[in-house]
Amino acid sequence: MRQFSANLGFLWNDLPLPDAIHAAKRARFDAVECHWPYDTPSEDVKAALKTHGLRMLGLNTSRGDVSAGENGLSALPGRDADARAAIDEALKYASDVGAGAVHVMAGFSAGDAARSTFIRNLDYATEQGAKHSITILIEPLNGYDAPGYFLQTTDQAASLIREIDRPNLKLMFDCYHVQLMEGDLSHRMENLLPIIGHIQFASAPDRGPPDGGEINFAHVFDLIDELGYDKPLGAEYKPKGPTDASLKWMDRLRG
Ligand SMILES: O=C(O)C(=O)[C@H](O)CO
Ligand SMILES: [Mg+2]
């Protein structure tokens, strides 16, 4: 049976993180993942995961100064020290709660200097991550929601992953972002499978539950099964109301 992970950055994000973990368990999710858990002590998250028998799959590095419009630090030239502090913080939190992956956020940037900065920081992240058996993920974000974000396409991500060539550097394949930027989800998933570390989903273009819109998730999830990918799929959508009322897709898409 297909497994699903609740992304608590969007699902039950009105609740304190430990309560959101409980809500995900009640709703029969198999795992959880989050965005930026840093305001919640890691011991509280670890205790909730243990109580409810769930794994935390991954979390993000800090965006930096959000009030100044930052959305990640690792591809910002001249900000290596801040980027590395964010990587260290994420790896420590992930290791405290037993999460297997950290998404290293690139930030708003462009050009050769941004690329070489990102490579340098990803080298650092993968080296440090390997010490804790943590996978480093990079995720292309779409240019509608995050205009000017350094990493926007899977082609760009694949080229970085191949160049850096570390076994614990993988692609976060978010069907929603990929559909908006590149489309051709089936071929892309098939071709990129060896470097995919985590898959997320939401309808496109509205980022709602996977009930309609441009993407036929019954087809996409069948393909994922056929490809032999059997890790939990990350539900990272914005419920249009209470999360508990947004979950009808779960039984239909369980497989
Ligand atoms: O926006 C997304 O899709 C993500 O997964 C990031 O973690 C949050 O920006
Ligand atoms: Mg995502």
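User: Hi! What kind of model is this, and what pLDDT do local features need?
Analyst: It's a predicted model, where local features need pLDDT of at least 70, side-chain atom pairs count only at pLDDT 80 or more, and totals for chains, interfaces and linings use all residues. Residues are numbered from 1 along each chain as its sequence is written, while chains are lettered from A and ligands numbered from 1 in the order in which they are written.

User: Great. In what order do the strands of the sheet run?
Analyst: The order is S3-S2-S1-S9-S8-S7-S6-S5-S4, with 9 strands in an open sheet and parallel pairing. Strands (E, at least two residues) and helices (H or I, at least four) are DSSP runs numbered from the N terminus, and two strands pair if DSSP finds at least two bridges between them.

User: Which strands stand at the edges?
Analyst: Strand S3 (55–56) and strand S4 (58–60) do; each has a single partner strand, so one side of each has no neighbour in the sheet.

User: And how many bridges pair S2 with S3?
Analyst: Strand S2 (residues 31–33) pairs with S3 in the parallel sense over 2 bridges. Across that pairing, Ala31 stands opposite Arg55 in S3.

User: Which strands does H3 lie across?
Analyst: H3 lies across S3, S4 and strand S5 (101–103), and runs at about 160 degrees to S4. Angles here run from 0 to 180 degrees between N-to-C directions, using axes fitted to C-alpha atoms, for helices over the stretch in contact. Helix H5 (residues 154–164) lies across strand S6 (135–138) and strand S7 (169–174), at about 170 degrees to S7.

User: Switching to helix pairs: at what angle do H1 and H2 pack?
Analyst: Helix H1 (residues 17–26) and helix H2 (residues 42–52) pack at about 20 degrees, with axes 9 Å apart. That makes H1 roughly parallel to H2; angles under 35 degrees count as roughly parallel, over 145 as roughly antiparallel, 65 to 115 as roughly perpendicular and the rest as oblique.

User: Which residues meet there?
Analyst: From H1 you have Leu17, Pro18, Ile21, His22 and Lys25, and from H2 Asp44, Val45, Ala48, Leu49 and His52. Contact means that C-beta atoms, placed from the backbone, lie within 7 Å. The H1 and H2 contact residues divide into 6 nonpolar, 2 polar and 2 charged. Ala, Val, Leu, Ile, Met, Phe, Trp, Tyr, Cys and Pro count as nonpolar, Asp, Glu, Lys and Arg as charged, and the others, Gly among them, as polar.

User: How far apart are the axes of H2 and H3?
Analyst: They're 8 Å apart, and the two helices pack at about 35 degrees. Ser42, Val45, Lys46 and Leu49 of H2 contact Tyr93, Asp96 and Val97 of H3. By class, the H2 and H3 contact has 4 nonpolar, 1 polar and 2 charged residues.

User: Now the ligand. Which residues are around ligand 1?
Analyst: You'll find His35, Asn60, His103, Glu139, Leu141, Asp174, His177, Gln200 and Glu236 around ligand 1. A residue is near a molecule or strand if its C-beta atom, placed from the backbone, lies within 6 Å of it. The shell divides into 1 nonpolar, 5 polar and 3 charged residues.

User: Last topic, the backbone. Which peptide bond is cis?
Analyst: The one from Ala204 to Pro205 is cis, with omega near 5 degrees. Pro205 lies in the loop between strand S8 (196–201) and helix H8 (217–226).

User: What is the phi of Arg28?
Analyst: Arg28 has a positive phi of about 75 degrees, although it is not a glycine. You'll find Arg28 in the loop between H1 and S2. Most residues other than glycine have a negative phi, and most peptide bonds are trans.

Technical notes
Two residues are in contact if their C-beta atoms, placed from the backbone, lie within 7 Å.
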